[in-house]
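Please look over the sequence and the structure shown below before reading on. The report that follows takes the strands, the helices, the ligand and the loops in turn.

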Amino acid sequence: MIDIENLVVRRGEESVLRGLTAHVPEGTTVRVAGPNGSGKSTLLHVIAGLLTPDSGRVTVAGRPPADPAVRAVRGFVQEPPPLYEHLTAQEQLGLVAGVWGLRAENLRERAASLGLDDRFDVLVGELSLGQRKKLGYLCATAHEPRLVLLDEPFNGLDAAAERAVRDDLVRWRAEGRTLIVVSHSEGPLTDLVDTSLTLGAAKSAGADA
Ligand SMILES: Nc1ncnc2c1ncn2[C@@H]1O[C@H](COP(=O)(O)OP(=O)(O)OP(=O)(O)O)[C@@H](O)[C@H]1O
């Protein structure tokens, strides 16, 4: 599903990823770990096609990550979630449903399991951090993609929402979807992870690779 060869990414003065090579077969759940600043989010941004590497080769389902055909098979749960502040939660979900040709009502059940269904008429800009997180998660995964990238999906969630997200991951994994999860904490991922990818600390320019 994902092939990474000699991936190099520099950000500012820092060399963040230095020749990373990895192969993620379809249906695998990978936990990405490593210290703060080691490039976990950077790696997800590259796989999501939002950041162009300095060198190396990355393909998703055999295509470059930014290829429009890859968009439909991939969902990216970002931290912080990109949302329209001036829309209500329902309008934001409606936009996403429109993009993927989904019925917004079908997302209500998942919203309820996250405890978000009573916040539908509230402006995104007036949601709490945890509520925004839930809405961002729903938007990013509404189309139930074959590849789900998740950046710290459990941070800031209450216990019920954490269970709901974990239940999704269990189901998606059983369905053979590929999950790449950045998580400092192993706890919520117990029994879910097939393999771990641990990144090292970033180095300033000029340091050894
Ligand atoms: N937009 C940016 N511009 C410049 N440098 C950046 C940018 N985003 C991240 N970086 C730098 O890249 C390095 C890796 O950041 P990244 O967010 O990928 O790390 P991380 O492993 O996800 O960290 P954390 O565990 O704190 O979330 C950091 O040193 C950071 O300062």
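## The paired strands

In strand 2, H23 is the residue that stands opposite D3. This description rests on a predicted model, and the pairing it shows between strand 1 (residues 2-11) and strand 2 is antiparallel, with 8 bridges. The hairpin formed by strand 1 and strand 2 has 2 residues between the strands, and within this hairpin G12 has a positive phi near 60 degrees. Strand 1 also runs antiparallel to strand 4 (residues 55-60), to which it is joined by 5 bridges, and here E5 faces R57 of strand 4.

A residue that helps to picture this region is I4, which belongs to strand 1. Since a residue counts as buried when 20 or more other C-beta atoms lie within 10 Å of its own, and I4 has 21 of them within that distance, I4 is buried. When the neighbours within four places in sequence are left aside, the contacts of I4 are L20, T21, A22 and V58. The C-alpha atoms of I4 and R177 are 18 Å apart in space, while the two residues are 173 residues apart in sequence.

## The ligand and helix 1

Around the ligand there are 13 residues, and the closest of them are R11, N36, K40, S41 and T42. Two elements give two or more residues to this shell, namely strand 2 (14-24) and helix 1 (40-47), and helix 1 gives the most, with 3 residues. Sorted by class, the residues of the shell are 2 nonpolar, 8 polar and 3 charged.

Helix 1 is largely enclosed by the rest of the structure, because 7 of its 8 residues are buried. These buried residues of helix 1 are K40, T42, L43, L44, H45, V46 and I47; K40 and T42 were also named among the residues closest to the ligand. After helix 1 comes G49, which has a positive phi near 80 degrees.

Which residues of helix 6 are buried? They are A161, A164, V165, D168, L169 and W172, and because they cover an arc of only 140 degrees around the axis, they lie on the same side of helix 6.

The face of helix 6 that is turned away from its buried side carries the exposed residues A159, A160, D167, R171 and A174. The buried residues of helix 6, for their part, have a cover that includes helix 4 (106-113), helix 5 (129-141), strand 6 (147-151) and strand 7 (178-182). Helix 6 is followed by G176, where phi is positive and near 85 degrees.

## A buried residue in helix 5

Helix 5, which is part of the cover over the buried residues of helix 6, contains L135. With 25 other C-beta atoms within 10 Å, L135 is buried. Not counting residues up to four places away in sequence, L135 touches P81, L83, A89, Q92, L116, V124 and L127. One of these, A89, is 46 residues from L135 in sequence, yet the C-alpha atoms of the two residues are 7.1 Å apart in space.

Most residues other than glycine have a negative phi, and most peptide bonds are trans. Against this background, the peptide bond joining E79 and P80 is cis, with an omega of about -5 degrees, and P80 is located in the loop between strand 5 (74-77) and helix 3 (89-100).

E152 sits in the loop between strand 6 and helix 6 and, with 18 other C-beta atoms within 10 Å, is partly exposed. D191 sits in the loop between strand 7 and strand 8 (195-198), where it counts as exposed because it has 7 C-beta neighbours inside 10 Å.

Terms used:
Residues are numbered from 1 along each chain as its sequence is written. This is a predicted model: local features need pLDDT of at least 70, side-chain atom pairs count only at pLDDT 80 or more; totals for chains, interfaces and linings use all residues. A residue is near a molecule or strand if its C-beta atom, placed from the backbone, lies within 6 Å of it. Helices (H or I, at least four residues) and strands (E, at least two) are DSSP runs, numbered from the N terminus. Ala, Val, Leu, Ile, Met, Phe, Trp, Tyr, Cys and Pro count as nonpolar, Asp, Glu, Lys and Arg as charged, and the others, Gly among them, as polar. A residue is buried if 20 or more other C-beta atoms lie within 10 Å of its own, exposed if 12 or fewer, and partly exposed in between; C-beta atoms are placed from the backbone. The arc is that of the directions from the helix axis to the C-beta atoms. Two residues are in contact if their C-beta atoms, placed from the backbone, lie within 7 Å. Two strands pair if DSSP finds at least two bridges between them.
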